[in-house]
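Here is a short note for a colleague new to this model. Please read the points with the structure open.

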Amino acid sequence: MTESRIYKNILVGAEMQDDDNKEYKESNLADVLRFKMRRDGKRFWANDNISEYVTEEHKEQLIEEATEAFEQVLKTLLIDTETDPSSKGTARRLAKMYITEVMSGRYEPAPDATAFPNDSQDRYEGMLVVRSELRSMCSHHHQPVAGVAYIGIIAADKLIGLSKYSRIAQWCARRGTLQEELCVDIAREIQKATEARDLGVYIQMTHGCCENRGIMAHSSLTQTTVLKGAFKDDAGTKKEFFDNIKLQQDFAPR
Ligand SMILES: [Zn+2]
């Protein structure tokens, strides 16, 4: 396809309704979506959620397009994808894995976190600490980043189901991230869902990019903390949060 034809298709695609995929198929859908996001000033970094631009049908086509691109990468790496049985279908497995698993938090909307009122006379006013297993990958090397997040809040007027803390944290983690950014993202999304002003997020993770390559540090652990409201300003609340984390670690060493 000539460059002007691709560009024309992108322009046509940008003007179309989202449910009309016919024209997209003729051009490259990834080009069309990038064009739309740039036009709208929408940032699409590895840790950004772009679900408002990507439908379920789009995902199917993006998997097709990424399969072709991964096939090309494998060819360039001089891997015989035609006769090596282990490498046959790897391009498609990679494409599917990126879009539906390791980077799914970019393409899926936020998990539904129905809130329950916490405003009766005997409302819960204490601290709540939830431990969430996290699996992520670094934006720099696309290596796995694995660990746990401890999310603490002082209950506000809304409570969300306990599993929702983990669902929100995992949704933030299933992208290309930096651990520092991930910590901030989880704090922001939990705050959005719970409306809690007092909140702390502590994450400890191991980084594949430091273990499998580079400095080959096999037992290095990276810790990040984001504290807001009383968790930041009140020494007692801060201590209670970290004491709770120690209790959790005694209960289930990571
Ligand atoms: Zn890395």
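The points below cover a helix pair and a metal site.

1. This is a predicted model, where local features need pLDDT of at least 70, side-chain atom pairs count only at pLDDT 80 or more, and totals for chains, interfaces and linings use all residues. Residues are numbered from 1 along each chain as its sequence is written, and side-chain values use heavy atoms, without hydrogens and water.

2. Start with helix α4 (residues 56–76) and helix α5 (residues 90–102), which pack at an angle of about 135°, their axes 7 Å apart. Helices here are DSSP runs of H or I, at least four residues, and strands are runs of E, at least two.

3. Look at the contact itself (heavy atoms within 4.5 Å). From α4, the residues include Leu 62, Ile 63, Phe 70 and Leu 74; from α5, they include Leu 94, Tyr 98 and Ile 99. By class, this contact has ten nonpolar, three polar and five charged residues.

4. Next, the zinc ion. Cys 138 (SG), His 141 (ND1) and Cys 209 (SG) coordinate the zinc ion at 2.3 Å. Donors are N, O and S atoms within 2.8 Å of the metal (3.2 Å for Na, K and Ca); water is not among the atoms, so sites may look incomplete.

5. His 141 sits in the loop between β2 (127–138) and β3 (144–154), and Cys 209 in helix α9 (residues 208–211), so the pair ties together parts 68 residues apart in sequence.

6. Are these two buried or exposed? His 141 is partly exposed, at 35% relative accessibility. Cys 209 is buried, at 10%. Buried means under 20% relative accessible area, exposed over 50%, and partly exposed in between (1.4 Å probe, protein chains only).

Note on methods. Axes are lines fitted to C-alpha atoms, for helices over the stretch in contact, and angles run from 0 to 180 degrees between N-to-C directions. Ala, Val, Leu, Ile, Met, Phe, Trp, Tyr, Cys and Pro count as nonpolar, Asp, Glu, Lys and Arg as charged, and the others, Gly among them, as polar.
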